[in-house]
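Trainee: Before we go through the assignments, I would like to hear for each one what the label rests on.
Mentor: Then let us look at the model together and take the terms as they come up.

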Amino acid sequence: MGKIACLWDFFQDKIVENVSRALLLGVMLFAFVEVVRRYFLGDTYIWYQDVAVYLTLTAVFIYFAITLKANAHIRLGLLVDYLERRGGVWKKAAATLEILAHSLSLVFCILFVWYGVEFVRVGVEFGRHAENADFLLLWPFYIILLVGFVFLIVEFARLLYAAVTKITVKGEA
Amino acid sequence: MTFLILSLGLFLVSGIPIAICLGFSSLLYVYFYTDYPMTILGQSFLFYMHKYSLLAIPFFITSGFVMGRTGLLEKLFDFAHELLRWVHGGLGCATMLTAVVFAAFTGSSVAEASTLGSVSYPIMKKRGYPPSLATGIIAMGGTLGILIPPSWPIILYGVITDVSIAKLFIAGIVPGLVLGLLMIILIMVIARSKGLTAEKASKAGIARTLGPAIPGLLMPVLVLGGLYGGLFAPTEAGAFACTYAILYGIAVDRMRFLKALPGVLSESLRVTTMVFFLLGGVGLFNGILANEYIPQKIAQIIIGSGFSPTMFLLAYMGILLVLGCLVDASGMIALTVPIIFPTAMAMGIDPIALGILVVINCELGAITPPMGITLYGVSGVTKVPIETILRGVIPFFLTVLGFLIFMVFNPVLATWLPAAMYQPIFPSG
């Protein structure tokens, strides 16, 4: 189990993170070059905006889980924090609430992927493409969105496992 | 509608990420109460994300983080300090002035406050500034970044409401500068009462620090000048700001900067992903609201109950103030704007003025506990306890609150500049 977790962390922190960074930097430089091209050469690629948008979305989608790991997705943690501060039985209630939150989040992500498969299928069937770039089919980006949610499922499952372990270990002690 | 609001409330309270709260309550509503195909989920999640203008968010966030690492802020601060030595509390005023200039190339209040804190706090501490005052100035200075363009909460509001981001940026200039000026005056008054005397200004000092500060002073001129001069759109302005910052970083401190760049990109990606994920949730939630005509129903109820636009705005600002204690700027906008905006439009409230009011409220949210993220940013950098920072922030908070109420009654402060700059080519009539 520990080895799989290490492999997953390596995959997320070394591969996914670097791909996202490279995409973000690449899009930024690309956008800058387009400004220069338009004003100094009077030329621009009609497909540039669409490509920039979808490459950025790729970077963002695959980064969903890393942001979750960094606890950077905003949430209203007031009640959990308050219960934790009160200590004693309330602390256990906070831990239970945390388990509930992770479980519900996990269920949402699974349902999103489940229904998303049909969304991708429709996208493939109708051959949807970007507005100004005929060559840019949208279904690969739909798949990347689902991949981002699959990463989230794994991360939520890990958080849930950690929360359950915390409460059971403490209970045994 | 009751099911939607109740489920959203329950999810929010249980500590689920807000984007998922919005998404899950929408998903359950679609499943149990409508006959829409479930493919609507993916479609709605991506609704706002196709917009090119949204790219301005990662670009400006990155430019702020990059600039924080280049050491340019220190140079700006040195120059501002030399320039304002002669006033009471000159060091504090210099911090605020630096914040105003730095706000013009960063969209993030935490990035600004943290960088500002690491630069100005040690000097203020050495010069005898009470920690509460010093950190209060830094926290308030940091939040100015939210209002003075470019600002990602403004972009977020523009994307959700489909209001021109360029016009919103322009609308933020005057209130941002007035607020900056009010803060400087307030610092002078507090400094005088605390016996922080003025120093002697030196022309040599100003001349010595001006040179290194020029790239920093030039940046807002180029970015905002290009934006308002029609040279580029907000997104391209962001790309320009970012490239400028990266090139400056490479030119000044090549190896150290390049080593720090991946970390900077990660910081930027974290904020960007948080905003985009939230926007996905808003897309889902907003899709349901629109399909079920919920904002229209709310508008009918509010207008029918005899609320005047001013009363409505004051009530909305009150709700935002409370919400600001619980969530950050993105949460405040995501949770309220989709519901409130159609009502506000039905009541004839100017969409640009409303945007600026929302963003000023976000500023207050950034410095109110327990969710005031700027407070934590400043506390992390300066190692001053939150309670001490809070004491220092109170006078600034009250001033911004007063300014917010003034703006509710005088929205023209936000609307006149965009109206003047965007004259119709063919006047009607």
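Mentor: We start with a cut-off: a residue is buried under 20% relative accessible area, exposed over 50%, and partly exposed in between, with a 1.4 Å probe and protein chains only. This is a predicted model, in which local features need pLDDT of at least 70, side-chain atom pairs count only at pLDDT 80 or more, and totals for chains, interfaces and linings use all residues. Residues are numbered from 1 along each chain as its sequence is written, chains are lettered from A and ligands numbered from 1 in the order in which they are written, and side-chain values use heavy atoms, with hydrogens and water left out.

Trainee: Why is A:D13 called partly exposed?
Mentor: Its relative accessible area is 31%, which falls between the limits of 20% and 50%, and therefore A:D13 is partly exposed.

Trainee: What makes the pair of A:D13 and A:K69 a salt bridge?
Mentor: The term requires a side-chain nitrogen of Lys or Arg within 4 Å of a carboxyl oxygen of Asp or Glu; the N to O distance in this pair is 3.0 Å, so the pair meets the definition. Because A:D13 lies in helix α1 of chain A and A:K69 in helix α2 of chain A, the pair ties together parts that are 56 residues apart in sequence; helices here are DSSP runs (H or I, at least four residues), numbered from the N terminus.

Trainee: Which other residues are linked with A:D13 and A:K69 in a network of salt bridges?
Mentor: The network also includes A:D9, A:E155 and A:R158. A:D9 forms a salt bridge with A:K69, with the closest N and O atoms 3.1 Å apart.

Trainee: How do you know whether A:R37 is buried or exposed?
Mentor: A:R37 has a relative accessible area of 14%, and since buried means under 20%, A:R37 is buried. A:R37 forms a salt bridge with A:D43, the closest N and O atoms being 3.4 Å apart, while A:D43, at 38%, is partly exposed.

Trainee: And in chain B, why is B:T235 called buried?
Mentor: The value for B:T235, which lies in helix α12 of chain B, is 2%, and this is under 20%, so the label buried applies. Leaving aside neighbours within four places in sequence, B:T235 is in contact (heavy atoms within 4.5 Å) with B:Y52, B:S53, B:L55, B:A56 and B:F59.

Terms used: Helices (H or I, at least four residues) and strands (E, at least two) are DSSP runs, numbered from the N terminus.
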